[in-house]
Amino acid sequence: MAGILDLVRKNDSYRMKTLNLQASENRVSPDVKEALSSDLASRYSHIMPDGNNSYGGAGYFEEIYEKTQSSIQDLYHVRYADARPVGGHIAVLAAIMSLVKKGDTIYSIGSEAGGYPGYQKEYIPDMLSLKTEKIPYLPEQQEIDYDSMALAVRKKKPDLIVLGQSAFVKPYDLTRISEIAEESGSKILYDGSHVMGLIAGGRFQPDASSRADVLVGSTHKSFFGPQGGLILTNNLDLIPKIEKNLTWMTMDNMHPNRVAALGVAAEEMLRHGKEYAALVEKNSHNLGKALDELKIPVRFKPWYSKSHQVLLSSSMEQDFVKFSNGMEESGIIVDRDGRIGTSEISRMGFSDMDRIADLISEAQAGNNVLKRVADLVSSLRIEFWR
Ligand SMILES: *Cc1c(COP(=O)(O)O)cnc(C)c1O
């Protein structure tokens with residue numbers, strides 16, 4: 001039996017030969033990897049509210065931590081950035097605990113409309129004893145039904161409106177939503193997990209941090225970072241609550257190597273984020289169009305997508321697993337939820353979406369394109385870092 005390290009190496013070489021089109025994933029730069037595997041991987045640092053660190057030897061890390069928070073504040077134009085959450089879900093939990101209390105009502109988008117499963121009744125709402133209602137949604141337009149939402153919010157006055165989806169390709173009308181929320185005194189949490197890299201590059205929903213009370217999200221989907229989460233806000237009154245709900249409530253060690261790697265990724269984003277995010281958006285539209293022309297059923301013709309993913313038609317829903325398995329045989333990696341992501345190929349600076357659509361279509365027709373995929377992937381190099 002192979003040892004773990006052998007398997008790790010096998011996975012590395014396998015993933016270097018395959019084309020990754022998973023919307024939740026991206027590739028990190030060699031600099032980010034270096035920070036991840038540094039000495040910091042086994043360290044602690046806890047800066048307490050009085051400013052003292054309960055661990056020693058953390059001098060360099062304290063500097064890293066401060067610089068990381070500051071780069072992230074610059075990227076998202078916010079007054080407070082918390083880089084400690086070890087995942088998007090942890091960031092969500094701490095943010096919700098800071099915005100509502102037991103018995104309060106939250107509004108979120110149902111999972112049948114691409115909403116994050118964590119917001120469905122049996123997960124976070126049950127865990128935090130919250131009531132939950134669904135935001136009215138028009139799946140065919142990939143849009144909130146704003147008029148119905150306004151009526152429902154006026155009647156029920158939810159304490160918190162949670163926006164953001166795991167499968168979404170269109171930004172919201174946040175001007176309208178903030179008017180609705182203001183009237184009922186509801187707060188807004190924007191979960192940008194999937195689109196944090198696009199927002200950092202000024203695309204998709206650049207008004208998320210200014211319109212929402214709190215913007216949270218993952219650092220590794222469309223963003224350049226290692227796996228982790230962020231909590232961002234301009235409301236400084238929330239800071240003590242966020243502090244309270246992180247350390248010893250939802251997490252302990254913040255994983256200093258992860259924070260350092262995130263800091264490196266944030267610097268890459270500051271240098272290249274605009275160009276990268278524009279390429280992701282263009283690639284998604286072009287991939288949708290090219291797939292449609294090859295009769296792969298994709299949604300939302302003629303605009304297809306304004307984010308980092310293209311959604312397969314729900315007519316294929318029973319076959320999402322079959323589709324994914326078929327692609328995998330040809331070295332094309334997609335998830336089993338009908339999403340095709342463009343973050344990672346954009347990170348490689350690639351823009352020939354006709355070529356990718358052609359490979360997908362050939363694989364779908366049962367022609368194994370493993371060799372052609374490996375040839376394409378071997379010509380790609382990570383970009384947007386130094
Ligand atoms: C992926 C996702 C999360 C969870 O993020 P992790 O970083 O995997 O913990 C939360 N919310 C949404 C909308 C997501 O898509």
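## Ligand site and domains

A backbone N or O atom of histidine 89 lies 2.8 Å from an oxygen atom of the ligand, which is a polar contact in the sense of a pair of N or O atoms within 3.5 Å. The model is predicted, with local features needing pLDDT of at least 70 and side-chain atom pairs counting only at pLDDT 80 or more, while totals for chains, interfaces and linings use all residues. Residues are numbered from 1 along each chain as its sequence is written, and side-chain values use heavy atoms, with hydrogens and water left out.

| Residue | Atom of the residue | Distance |
|---|---|---|
| Histidine 89 | backbone N or O | 2.8 Å |
| Lysine 221 | polar side-chain atom | 3.0 Å |
| Histidine 220 | side-chain N or O | 3.4 Å |

Taken alone, the ligand exposes 380 Å², of which the protein buries 83% (accessible areas by the Shrake-Rupley method with a 1.4 Å probe). The residues around the ligand, with a heavy atom within 4 Å of it, include Gly87, Gly88, Tyr116, Gln165, Asp191 and Ser193. The shell divides into one nonpolar, nine polar and two charged residues, where Gly counts as polar.

According to the domain assignment, which is automatic or from a database, the protein chain holds domain 1 (30–267) and domain 2 (273–378). Their C-alpha centres lie 28 Å apart, and 20 residues of domain 1 are in contact (heavy atoms within 4.5 Å) with 20 residues of domain 2.

Key
A polar contact is a pair of N or O atoms within 3.5 Å; within protein, one must be able to donate a hydrogen and the other to accept it, and residues adjacent in sequence count only if both atoms are side-chain atoms.
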